[in-house]
Amino acid sequence: TRTIDLAVIAGDGIGQEVVAEGLKVLDAALQDVTVRTTPYDLGAARWHRTGETLTDEDLAAIRQHDAILLGAVGDPGVPSGVLERGLLLRLRFELDHYVNLRPSKLFPGVVTPLGDPGEIDFVVVREGTEGPYVGNGGAIRVGTPHEVANEVSVNTAFGVERVVRDAFSRAAARPRKKLTLVHKHNVLVHAGHLWRRTVERVNAEFPDVTVDYLHVDAATIFLVTDPGRFDVIVTDNLFGDIITDLAAAVTGGIGLAASGNVNPDGTAPSMFEPVHGSAPDIAGQGKADPTATVLSVALLLAHLGHDDAAARVERAVAADIAGRGTTPRTTSEVGDALAAAVAEALPAS
Ligand code: NAD
Ligand code: IPM
Ligand code: MN
């Protein structure tokens, strides 16, 4: 039998709750495949105990796994940014997760704030290792009326080209073959024009992909008024962060939005996580929807080549969503139902 050697970083808040359900479904979805999980004690509790976010030893150990499942990090008791930067972003950067894949699909039966928007099925390819996230900046005269605070967006030709090429190849593999660059080159002229020139150049390698462009502000209009127009969106790290929460909201809510932090070159394990955070407002109450994590498990399975299992998980989620009534269910009730549905769908062995 094959094995999946999985690093599990449940993290903080509802991360703990939703990851438990994701693992149930992962186990139920596979046949003749053994899942070996290694939990990593990372997040607020570890930081309070030791002052550490992610040590070199942690990172070296995590590198050895086939993939990583992450819940969420961030805690009101830890200064904002400590865990987000020191743990989550450090993982994305060190493991070269340059493709942050965030699919948005409107499942039948989902209630959206848009009423009846028609079919929505697009994927945001968010750059994962550059932009304003790299920590290139600083502040002087902090706390004075003359404070200056800079966060410099880093965009390299190498970094932009590799994510743009990945987005083109994803667009080329989809029926509509459409790629939308989202940026703000009317203002951010240096980075914006690098992105635009790169898209134009790489388009020559993918002549059957149709390209268009939207400034990010206008993109937020169309994500609400006409989300069906999007197929593949490629954008930088910060714009991608913002528009994918919006994309989640229009396709049924943040409780359904999955993501993969992908290292397409396979030089390090890829990491799968819900788009949402640790949700301190509902943590510990069994209220979190684990579906985003379960769909992230489906992305993980597909990434590792277990396409049948991934499809079983997606179908179970689609059926569960279609059958949702108005009675609220707990986190583990949803997880149990999905695990049972997935197990039911296993081929007879
Ligand atoms: P959040 O995503 O945690 O919560 C936003 C809102 O969505 C809250 O009202 C929350 O209750 C709700 N929500 C989130 N996930 C849900 C789920 N599965 N089911 C039902 N409702 C859900 O974003 P935030 O409040 O901006 O951030 C909270 C903390 O999480 C911060 O520390 C932030 O830095 C961190 N964060 C981490 C990640 C990550 O680990 N990838 C992502 C986003 C935010
Ligand atoms: C996300 C989160 C993270 C991001 C934060 C917590 C660093 O918002 O995964 O979307 O901005 O990428
Ligand atoms: Mn975000």
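Q: What makes Asp245 count as partly exposed in this predicted model?
A: Asp245 has 14 C-beta neighbours inside 10 Å. A buried residue needs 20 or more, and an exposed one has 12 or fewer. The value for Asp245 falls in between, so Asp245 counts as partly exposed.

Q: Where is Asp245 found, and which residues does Asp245 touch?
A: Asp245 is part of helix α8, residues 237–250. Leaving aside residues up to four places away in sequence, Asp245 touches Ile254 and Val275. Contact here calls for C-beta atoms within 7 Å.

Q: Why is Asp217 called exposed?
A: Asp217 has 12 C-beta neighbours inside 10 Å. The limit for exposed is 12 or fewer, so Asp217 counts as exposed. Asp217 lies in helix α7, which covers residues 216–225.

Q: How do you know that Asp217, Asp241 and Asp245 gather at one spot?
A: These three come from the UniProt record, where an unreviewed entry lists Asp217, Asp241 and Asp245 under "binding site". They span 29 residues in sequence, but no two of their C-alpha atoms are more than 14.2 Å apart, so they gather at one spot.

Q: Which residues surround ligand 2?
A: The shell around ligand 2 is made of Gly74, Glu84, Leu88, Leu89, Asp241, Val275 and Gly277. Asp241 is also one of the residues in the UniProt "binding site" list. Helix α4 gives the largest share of this shell, three residues.

Q: What surrounds ligand 1?
A: Ligand 1 has 20 residues around it, and the closest are Gly74, Gly255, His276, Gly277 and Ala279. The elements that give two or more residues to this shell are α1 (14–29) and α4 (82–94). By class, the shell holds 11 nonpolar, five polar and four charged residues.

Q: What makes strand β12 mostly covered?
A: Five of the five residues in β12 (residues 270–274) are buried. On one side these are Ser270, Phe272 and Pro274, and on the other Met271 and Glu273, so both faces are covered. In a regular strand the side chains alternate between the two faces of the sheet.

Q: How do you know that β12 pairs with β3 and with β11?
A: Pairing needs at least two bridges. Strand β3 (residues 67–72) is joined to β12 by three bridges, and the two run parallel. Within that pair, Ile68 stands opposite Met271. Strand β11 (residues 258–262) and β12 have four bridges and pair in the antiparallel sense. There, Ala258 stands opposite Pro274.

Q: Why is Thr129 called buried?
A: Thr129 has 24 other C-beta atoms within 10 Å. The cut-off for buried is 20 or more, so Thr129 passes. Thr129 is found in the loop between β5 (121–127) and β6 (131–140). Not counting residues up to four places away in sequence, Thr129 touches Arg92, Phe93, Asp96, His97, Tyr98 and Gly159.

Q: What confidence does the predictor give?
A: The mean pLDDT of the protein is 97, and 100% of its residues reach 70 or more. The complex has an ipTM of 0.98 and a pTM of 0.97.

Technical notes
Residues numbered from 1 in each chain as written. Chains lettered and ligands numbered in written order. Predicted model: local features only at pLDDT ≥ 70, side-chain atom pairs only at ≥ 80, totals over all residues. Near = placed C-beta within 6 Å. Nonpolar A, V, L, I, M, F, W, Y, C, P; charged D, E, K, R; others polar. pLDDT = per-residue confidence, 0-100. UniProt positions renumbered as here; feature names shortened; annotations may be inferred. Contact = placed C-beta atoms within 7 Å.
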